[in-house]
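Subject: Structure handover

Hi,

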Amino acid sequence: MLRNPRAMRYSGKMHWVVGMFLFLATVIFMEGFAYAAHRWIMHGPGWFLHKSHHHPRTGHWELNDLYAAIFAVPSFVLILGGAQLGWWPGCTWIGAGIAAYGAIYFGFHDVIVHKRLPTRYMPRSEYMKRIIQAHRLHHVVETRKGTVSFGFLIAPRPEELKAELKRRARAGMRSPVGARPATASECETALAEK
């Protein structure tokens, strides 16, 4: 017996307040998801793509940019399903929350921290200074192990990250471009200056 596809569609409506709650909860959830994906996927089995991000970029693109496309798929599918395919309406709000987190991530990570688009933005708030410095401390390590600070919008204080890098004996820390490998005392000096 064949079922009528229209009969299987979700026919209920969702109040916009519930939708906004789903949207905001998804944005918050995505920070935890991004932390886990960054720490255990990108610095794990997905390092073959992510390592391009820990080395100087030679053009406009890097292999790591494929993660943006990969993580956009669930957002696209949920929005399409909720808005056009008759799925539960909450799918649209959740998909929009994933997309919003992606836009926040792009603005913070690619535009503000890595300056992949020209901007004159100068961080003034202590929060922005802290998360930018935390991400830069993440990038002083160019290997897949030994890095600190995997979150994007929530990060430990830079002093804690510097202490952790020092405790790890600066394993995998990058040398300045065109320079000989740094000695342990030079690494300490560099960390003290940040």
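His53 touches Glu62, Asn64, His109, His114, His135 and His139, leaving out residues up to four places away in sequence; contact means heavy atoms within 4.5 Å. The side chains of His53 and His139 are joined by a polar contact of 3.2 Å. (A polar contact is a pair of N or O atoms within 3.5 Å; within protein, one must be able to donate a hydrogen and the other to accept it, and residues adjacent in sequence count only if both atoms are side-chain atoms.) His53 sits in the loop between helix 2 (47-50) and helix 3. Helices are DSSP runs of H or I, at least four residues, numbered from the N terminus. His53 is buried, at 8% relative accessible area. Buried means under 20%, exposed over 50%, partly exposed in between, with a 1.4 Å probe and protein chains only.

Provenance: this is a predicted model, where local features need pLDDT of at least 70, side-chain atom pairs count only at pLDDT 80 or more, and totals for chains, interfaces and linings use all residues. Residues are numbered from 1 along each chain as its sequence is written, and side-chain values use heavy atoms, with hydrogens and water left out.

Next, the core. The largest nonpolar core has 22 residues; Tyr101, Phe108, Met128, Ile132 and Leu165 have the most contacts inside it. (Such a core is a set of buried Ala, Val, Leu, Ile, Met, Phe, Trp, Tyr and Cys residues joined through side-chain atoms within 4.5 Å.) Helix 4 supplies the largest share of this core, six residues. Beyond its neighbours within four places in sequence, Tyr101 contacts Val27, Met30, Glu31, Ala34, Phe152 and Leu153. Val27, Met30, Glu31 and Ala34 are among the buried residues of helix 1.

Now the pocket. The largest one is lined by 28 residues, with Ala68, Gly102, Tyr105, Phe106 and Asp110 nearest its centre. (On a 1 Å grid over the protein atoms alone, a pocket is an open set of points where a 1.4 Å probe fits, with protein on both sides within 12 Å along at least five of seven lines; lining residues have an atom within 4 Å of a point.) Helix 4 gives the largest share of the lining, eight residues.

Lys115 has a positive phi of about 50° and is partly exposed at 45%. Ser149 has a positive phi of about 60° but is buried at 8%.

Best wishes

Definitions and conventions: Helix = DSSP H or I, 4+ residues; strand = E, 2+ residues; numbered from the N terminus.
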